[in-house]
Structure formats: C-alpha cells, structure tokens
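Please look through the sequence and the model before reading on.

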Amino acid sequence: MNCSALLSLMLMLVQLWPGSPSTENRSAQSTDQPFTAVRRVKRSWVKSEPLLVTEEQTSTVPVYVGQLKSDLDKQDGKLKYILTGEGAGSIFIIDENNGKIYVIQKLDREEKSFYTLRAQAISKSTQLPVEPESEFIIKVQDVNDHEPQFLDGPYVATVPEMSPEGTSVTQVTATDGDDPSYGNSARLLYSLIQGQPYFSVEPKTGVIRMASQMDRETKDQYLVIIQAKDMVGQAGAFSATATVTINLSDINDNPPKFQQRIYYMSVSEEAPVGTTVGKVFAEDSDIGENAAMNYFIEGDTSDVFDMITNNETQEGIILLKKRVDYESKRRYSIQAKVVNRYIDERFLKEGPFEDKTIVKIIVEDADEPPVFTLENYVMEIIEGAVSGSVVGVVTARDPDDDNCPVRYSIVHIKHLKRLFSINEQNGTIITTKPLDRERASWHNITVTATETRNPEKISEANVYIQVLDVNDYAPEFPKYYETFVCENAVPGQLIQSISAVDQDDSANGHHFYFSLAQEATNNSDFTVKDNQDNTAGIFTAKSGFKRQEQFYFYLPILILDNGIPPLSSTNTLTITVCDCDTEVNALYCRYGAFMYSMGLSTEALVAVLACILILLVFFLAIIAIRQQRKRSPFSEKTEEFRENIVRYDDEGGGEEDTEAFDISALRTRTVMRMHKPRKKVSTEIHSLYRQSLQVGPDSAIFRQFISEKLEEANTDPSAPPYDSLQCYAFEGMGSLAGSLSSLGSNMSDEDQSYDYLTNWGPHFKQLAGMYTSSRSAGD
C-alpha cells in the first residue's frame, strides 16, 4: 500500500483561563471547528505535537480531546480506528468510526502529567492496518487546584536585641503542588499579616527582617504571622499562613545598679576574722553572663574589710578582714563598687558599666576578755635559785572603757609538778622549789587573766622560762675504761686514751684539764699527758710489770673543768697486767683476768670443764632411757581424737535430738591410705551374718570382720578427714533368741518356721501371734 495519503489531525486545545466559557461549551464549540491537516512525515500519520487536555476537564460524561483521521479514510465506514497505550480504554476512549478521542475520568496533573498512546487505522473487512501504527502523547495541562503549604512550620527564631534595621531574622518557605512551569498557579507571594512595625518580609523570598531596633528588657518575644498566596496574589488565588515565634536574645546593654545609695551595717568587736558583716546587691536588667558582676571595695578601709562575690546570687558579701576595736574606732565608711564581668564594647559609648555605693559600718561594743601586753613571754632564772625567787611579771588589762580589774592564775597540768606560782593581783611569777637545768632547761606554762566582775571573760598567754646553767656538775669519765698493760711493756708506751664529759652547759664550750691526783703524784709506774683537746693519754713510766707481784693498778686521775667556779673530780682508772710482750690482745687479757679473779690455773679450768661434760652426757642418757620405757608399744595410743559435732538450728526433739556423740573410745590403727576397690558390702555382710550364727563374739571370724572393716574405712578415699563412727550389723551368739537382724531379709523365708516363738515366753507372745498367724494364713 502506497502511503502517500495525507493525515488530517484535528486538535482541540481546551484550556482553563479566568473568564473563559465552561468546559462543556468549549467542548461543544470545538466539534464545529475545522481540523488542522498536516503532511505526513516519516511515515507518521499522527501529528508529532502532544495533545493538550486540562486537568479541570472532569465529568461523568466523555469530554472531547481531539480527532485522528487517516487520508485513506473515504468516510464510507470501511476503516476502524484503534487506540492503545497508557490509559487507553480506562481513561481515554476513541470512536472507532471517526477517530475522535474522549477522556472519561478526572485527570490530576500532580499524579501524572502526560500519557503515551498509540493509534492504528485498520480495514474493517480485512482487519489489516491501512496505516502503520503511530505513537502520540496527551499532556495534562495544569490548573490552580492546590493551596500553598508551610511544611517546616511552626517556626522559631532568635535574634539579638537592638539589632539594626534590616537584620535578617529567618526565612520561611511555602510549597505549591501546581506546575511551576505553566502559568502562575505555583508562583507564591509572601506578606506580613501580624508583626508590624517591628518586622518585615520579602515578598518573593520569604526572608523576615528587622524593621526597627527592639529592647529585650521591654519585650523579649514576638509572634509574627506570614501569609503565602499563589497566582502572585491575584483574585481567586489560594493562600496559607505560618506562625513565626521570634525571641530576642540578651546583650549586655545595661549597667548594674545598686538598690541603695547608702547601706548601714554593724559588727561586734568580738567578731572573729572572716565574719560576714553584710551583703549588698546590684540589679542588672540583662540575664545570664551579661548580668554577671564583680564587687570591690575602694578606699583606705580595704585592710579592715573585704568583699567577695556570690556567683549564684550575684550579691556582694562584706567580710571582716581584721579585728575591730570599739575603743579604738567605732565607725567605718567604705565605698563598694560593682562592675559587669563581661562588657560589650559596642555599648561602651553609652556609659561605664559599673556603679558605686557607700557602706557605713558601726562597731558594736562588747565585754571583751583581758588582753595581755604580749602574746608570748620569755623569762630566765638561774638554776638552783631558792624557792620564792621571782621569775618575771605578766601584765594584762581590760580593753573595755570600765577597765575592770583582772586576776591571774597558772594552768597547772595534773601529771606535772608545780614548780611555779603567780601573784593573782600583779602577775608576778615565782618559783616554788629549786630548779635543775640538767633535768629540764625549759619550762612552758600557761597564764590566764580573768575579769573579776565577769569570770567568763578569760584570756591566755604562754610563758617560756629558761633555766640558766650554773657549774654544779664536776667532769667525769664518759664510760668505764678497760685498760691493760703487758708485763714486758717499755717505758713511755701509750696504754689508754681518756676523755671527759660534763652535764653542765657551757656557753663557750667545755675545756677539761687532766692530771694525776695528789695522792698519786709520786707514782713511778704511770704518767698522764694532757693533750689540750679534752683528751689525755696514759703512758707507762717503767718496764717490767709482773702479775705475780701486782695484778691490778688503780690510777687516780684528776679532771678539772673551766666553769665558774671551776669544779674537779677524781676518777680511778683500773689497769690490768696482761701476760703478753708489748702488743695487747684484749680478749686474751680478759680471759687471764677472769682466771686470776677465780684463783684457777688453766690446767685446773680444763679439768673442771671435762667433769662437767661427763656429767651432762650421763644425765642425757638417763633421760633417754626413761622416755624409752614410758613409750607405749601401740602407736595408736598417742593419736589425737576429735569429736564429730553435729549442730542444728532448730529446737531440740528430746532424746532423738543428737547434739553430738563421743567417739573418743574408737581407736583406729595407723594404716597407709591407699586406694582399694571396695567390696560389695551387702554380700559380705550376709555371708558373715550366716557365720556369726554359729560362732561367738570372741571367735576369729569376728575379729577378722572388724579388722577388715577398720582397714577398709581407713583406706577409703571418700572418708572424712577426721575419725568418725562406723556402724556394722554383725551379731554373735550372745542371745538365746538368735538373731533378729533384718540383714537376711532378702533371703527367702518360705522354708523358715516361726513356731519356736511360742516357746520364748510371754514377752514374745505378740510377735509369735503376728508371725504364726500370718504363716498359717499364708498356708
């Protein structure tokens, strides 16, 4: 088929404009208008531009959209038009005879803005296409059917107070579901409904700006209402509103101000340092750190009072920095100053951010305790001074105007002796007994002063008394000197160096002088040489000392100190003659001196020691023999036993309540605890039980049974770590009635007769009745 025919496509554009005719009228009018014929291009018989239909064209009856027509259509009814694609048959239908297209449902551009369909012309007789299938688009044209919306509201914004005019506060944005590319349906215009004259809004952007400067201290929050209209605000447009809460943030634009120009306070003269005298407060209209402030004191009184800032309450606290005295000064006037801690330099031109006030403080009189002229007294007295000697005087006075008399006393400690007393009227301290510097060179006492009219007013002072030294102790040897001289010592040989000590206290240091005592000046055996450094040397004056003639020499030495007056003492140095040549062996000499003092020779001492050793060996042998005889042949007798105590937390139950049991009588043989597999107890007991019916308790089988059970208990690895009672059911032949044990109950008693129970007497009558009757019933 030659496709040279032309296709006429009738397109009716139905648009919704303000003041235009109704949709039905437009549809009716469009059917009478001629179609626009276009030449086929590239085998396409459908116009390439999209068909337009407005989303307002909604009705229960079909609404005409346009017409498709092939140039082969002779209008003789031989061709049929077919429509396929998106919405074909459900949203769009076609008249198969003339190719007119209708919309039968409401269209919403916001849900779907265009539809793609395909058209085909076929012969009714052959059902074959006379034109190739061609694709075209139906575009849904927008109408203003959506209201603007503020999706992010409600809005909250903050702007600093006193911000200049034009400062941006925040921006609000509304959205419109209509097509922004077509018409004015989605073109929004912002306006201010509420908020004049403080704020303004830009019509196109929705940016809210400051219209004037505002003070937060006057009003800190504003409610602004913004309206958004589509259709650029024309008649019939939709609108929406949004609420914007605008808070003014604080800036430091207000200085602090004291509530009073003059403050009056008072403080007692008894108040200790650090006492709170009073508080001042300055107001600041700002908040937060902009209201933070610091308080100071200006003036000459800053050494008596101090001021600190309470950061929580923003108060200025005046503290007592130094004790005040009513009698010295009764009034103080200080200047307090408050300054903002953080200052905004932008507002410095408006004035200093500080304030000042006057605080007048009155000192209140109080009955004060006496005051000593000194806090600590230091006094001196010579040791050995007689009782009643004056040590010194303390003085106290009443600081009040009435100048009340005071009474003095010493605080005595119970465990110390009373060495001093004081005159209650004038404070004179005297001794009660002589003092010894060598026992105590310093004495610390506490003196009190009390008002005579008010004994509660007491004050104390410390008195330190130094005992001055008097040369009342003679020098002496610092220790006992052990001095030896050899029998063959040569003349001029040094045998001992000596020194001296003195308990006295010398201001310039001690100096001692050594010499032989008067009674030994003619001694030709030894000499003393003073080294002039508080030491001296003892030298031999001859040779040839003999122990047989004289074993000890007693050399008196005179020691003189440099005190005022000087004191001296005679100290005796004992010199022992030693059996040596010229070099002294101190240990050997001590041994020889001991032997000499005992009057024994070396041979005699060795004999005595040998006898003592023999006696000691003999004594130990006797003790060993006696212990061997006392030792028991049974080692188990020496074992310790312990009781197995069972405790309960509930109350007793009479005889059945077992507190404990004594197993001290049970003695076990010491056996190495080696693991052995336990035998089957029941089988063994039954076997031994049968044997026990034929033997007595003293038979070998009984002893064997006990021994085996004892060994088994000792070697049991699961046994407790202490002795415990082991119970076994093993009876002998001691009863005429035989065994009544139930250990053999597992054996069959079918062949056993219990008729013998009737012969045992009245005590077994009931038992005989039970067994004989049951036996008879069983038979």
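This is a predicted model: local features need pLDDT of at least 70, side-chain atom pairs count only at pLDDT 80 or more; totals for chains, interfaces and linings use all residues.

**Charged pairs, strands and cysteines**

Within it, Lys356 forms a salt bridge with Glu298, and the closest N and O atoms of the two are 3.6 Å apart. Because Lys356 lies in strand 24 (residues 354-364) and Glu298 in strand 20 (residues 293-298), the pair ties together parts of the chain that are 58 residues apart in sequence.

In the whole structure, a search finds 17 salt bridges. One of them is formed by Glu270 and Lys457, with their closest N and O atoms 3.0 Å apart. This pair links distant parts of the chain, as Glu270 sits in the loop between strand 18 (262-268) and strand 19 (276-283), while Lys457 sits in the loop between strand 32 (442-451) and strand 33 (458-468), 187 residues apart. Glu270 is partly exposed, with a relative accessible area of 36%, whereas Lys457, at 18% relative accessibility, counts as buried because the limit for that class is under 20%.

A further salt bridge joins Glu315 to Lys279, with the closest N and O atoms 3.9 Å apart. Here too the pair links distant parts of the chain, with Glu315 in strand 22 (residues 315-320) and Lys279 in strand 19, 36 residues apart. Glu315 is partly exposed at a relative accessible area of 22%, and Lys279 is partly exposed at 47%.

These pairs belong to a chain whose secondary structure comes to 6 helices and 42 strands. Of its 779 residues, 35% count as buried, and the accessible surface comes to about 47,400 Å², of which 51% belongs to carbon and sulfur atoms. Among the contacts in the chain with a separation of 6 or more, 68% are between residues 24 or more positions apart.

For a view of how strands are arranged, consider an open sheet of 3 strands with the order 27-31-30 and antiparallel pairing. Strand 27 (390-393) and strand 30 (420-422) stand at the edges with a single partner strand each, so one side of each is left without a neighbour in the sheet. Neighbouring strands of this sheet are turned by 20° against each other on average, direction ignored. Strand 30 pairs with strand 31 (residues 428-431) in the antiparallel sense over 3 bridges, and Phe420 stands opposite Thr431 in strand 31.

How many disulfides does a search of the whole structure find? The search finds 1 disulfide, formed by Cys486 and Cys580, whose sulfur atoms are 1.9 Å apart. Cys486 lies in strand 34 (residues 483-486) and Cys580 in the loop between strand 40 (568-578) and helix 2 (586-598), so the pair ties together parts that are 94 residues apart in sequence. The torsion about the S-S bond of Cys486 and Cys580 is about -105°, and the disulfide is therefore left-handed. Cys486 is buried at 2% relative accessibility, and Cys580 also counts as buried, at 12%. Turning to other cysteines, Cys404 is buried with a relative accessible area of 2%, whereas Cys611 is partly exposed with a relative accessible area of 47%.

How values were computed. Residues are numbered from 1 along each chain as its sequence is written. Side-chain values use heavy atoms; hydrogens and water are left out. A salt bridge is a side-chain nitrogen of Lys or Arg within 4 Å of a carboxyl oxygen of Asp or Glu. Helices (H or I, at least four residues) and strands (E, at least two) are DSSP runs, numbered from the N terminus. Buried means under 20% relative accessible area, exposed over 50%, partly exposed in between (1.4 Å probe, protein chains only). Contact means heavy atoms within 4.5 Å. Accessible areas come from the Shrake-Rupley method with a 1.4 Å probe; for residues, only the protein chains shown count as cover. Two strands pair if DSSP finds at least two bridges between them. Axes are lines fitted to C-alpha atoms, for helices over the stretch in contact, and angles run from 0 to 180 degrees between N-to-C directions. A disulfide is a pair of cysteine sulfur atoms within 2.5 Å.
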